[in-house]
Amino acid sequence: MKKVMMGNHAISYGATLSRVQVIAAYPITPQTQVVELLSEIVADQKLKAEFIKVESEHSAMAACIGASSAGARAFTATSAQGLALMHELLHWAAGARLPIVMANINRAMAPPWTIWSDQNDSLSQRDTGWMQFYCQSNQEVLDSVIIAYKVAEKVLMPVMIVLDAFSLSHTYESVDIPDQALVDKYLPPFDYKYKLDVQNPHTYGGLTTPEWYMEFRIKMHEAMDQALVEIKKEAVAFKKVFGRHYDTVDPYMVDDAETVLVTSGTAASTARYAVDQLRAKGKKVGNLRMRVLRPFPFADVREQLKNAKKVIIVDRDISYGYHGIWAQEVKSALYGHSQVPVWNFIAGLGGRDIFPETFYDIIAQVGKKKKPDQELYWVEVKR
Amino acid sequence: MAKDRKKIDFKKMEELPPMVMSLRSMAANPTGSWRNLKPVIDLSQCIQCTICWKFCPDAAIDWIDDNPVINLDFCKGCGICAEECPKKCIEMIKEGK
């Protein structure tokens, strides 16, 4: 059934179709409608779930950790400062190997106080052991929640679904709501082998000496390697049932492109419009949309960028005193494998719009240069 | 007592569960040597209310023949039992005296 809905409600429908059993969340702009609709769905008894009202995001994640430990499919959603407040428990959820799924609506970090979009909030949580899937459309948001549970429960690692504030969260698009029976078949109930059980009590997360700590970390890393295999597998399996395909990266006209614009989130849609316009003028430009941040798709990135003469990474985030965060990631994948020069542009922080003109400006700045003469470039700033 | 309890042992990474889950039984980890103060119960005053047994955070109080008995293999000497006892018949005595 097709319905016009905002990105936040696409998340709620994704969680409902996944038959989540426990939802614990604290409201924050621009995430609020996600759990607002879920609370109504639970109150109307259209979803058999416990909705736990908590006093902070730290508690929301703690409740999800408890629920997931007991074998329930747990869900939450947040943004920016809320995600930062969860930080300690993000490590706990991953270290305890709990397949929790959370939606994070990208909102820039304060101060200065802001509600608009950039990716510094989720990218700051890069090393917590959470998978991160960045979405471009409301349809992808809904579908990604379902796929996330499938992958998470296979490898026992949590997943963060990431989408831009307002340009997805509050923007209405046509979304196909999959048939519940098909989703049930694709995503069977969560059967957790290690769940809390009063008949077979265990201590979880107890003190671990240097004798074994490292082995648990290796197991987490290997689970992430396996997650990459599962994401590729589910890209095929999901398409077979629902007809839509989501891989680790999403290329657009890169095969013969001399210049590839690397983007993530909704900036990719704009980049693709710019690519079309530039192609019409005979410029061989393409776009590579990064969908999965962790586990990082090294092989796919190298494969997609192997023909490029110039790579331009446009980051909607910044690691102060370094590069944009996507630029670090993509450059590290290319190092030792490719001689292609890489430019890094920072655009659209704090919700500043990224227009097609932004990309024309970037392409013009790179011009005929053979290699970058700065570590990073800012676009459209008031100097 | 403590020596009879089995230690959970792993040889290789493959034997470990994916997450830290009862890597060792606390029963095989006697903590009595942490103690500076030892609880001593005056059973002539005790009313068998079980409050000390319920409050002990280490489950180091056994209930034997209707009376509380401190398990000194595990008691860390925190004194919660003495604090909570409504008859104030548990005294914390310095170890070694």
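A residue is called buried if 20 or more other C-beta atoms lie within 10 Å of its own, exposed if 12 or fewer do, and partly exposed in between, with C-beta atoms placed from the backbone. The structure is a predicted model, in which local features need pLDDT of at least 70 and side-chain atom pairs count only at pLDDT 80 or more, while totals for chains, interfaces and linings use all residues. Residues are numbered from 1 along each chain as its sequence is written, and chains are lettered from A and ligands numbered from 1 in the order in which they are written.

Chain A is divided into domain 1 (2-242) and domain 2 (249-378), with bounds that come from an automatic or database domain assignment. The C-alpha centres of these two domains of chain A lie 28 Å apart. Across the boundary, 26 residues of domain 1 of chain A are in contact with 21 residues of domain 2 of chain A; contact requires that the C-beta atoms of two residues, placed from the backbone, lie within 7 Å. On the side of domain 1 of chain A that touches domain 2 of chain A, helix 9 (213-242) of chain A supplies the largest share, five residues.

Helices (H or I, at least four residues) and strands (E, at least two) are DSSP runs, numbered from the N terminus. Helix 1 (residues 7-17) of chain A is mostly covered, as eleven of its eleven residues are buried; among them are A:His9, A:Tyr13 and A:Leu17. Just after helix 1 of chain A, A:Arg19 takes a positive phi of about 50 degrees.

Strand 11 (residues 285-290) of chain A is largely enclosed by the rest of the structure, because six of its six residues are buried. A:Val285, A:Asn287 and A:Arg289 point one way from this strand, and A:Gly286, A:Leu288 and A:Met290 point the other way.

Which strands pair with strand 11 of chain A? Two strands pair if DSSP finds at least two bridges between them. Strand 9 (residues 249-252) of chain A pairs with strand 11 of chain A in the antiparallel sense over four bridges, and A:Asp250 has A:Arg289 as its bridge partner. Strand 10 (residues 259-264) of chain A runs parallel to strand 11 of chain A and is joined to it by six bridges, with A:Leu288 as the bridge partner of A:Val262. From strand 10 of chain A, the chain passes through helix 10 (residues 267-280) of chain A to strand 11 of chain A in a right-handed β-α-β crossover. Right-handed here means that, with the strands pointing away from the viewer, the path from the first strand over the helix to the second runs clockwise.
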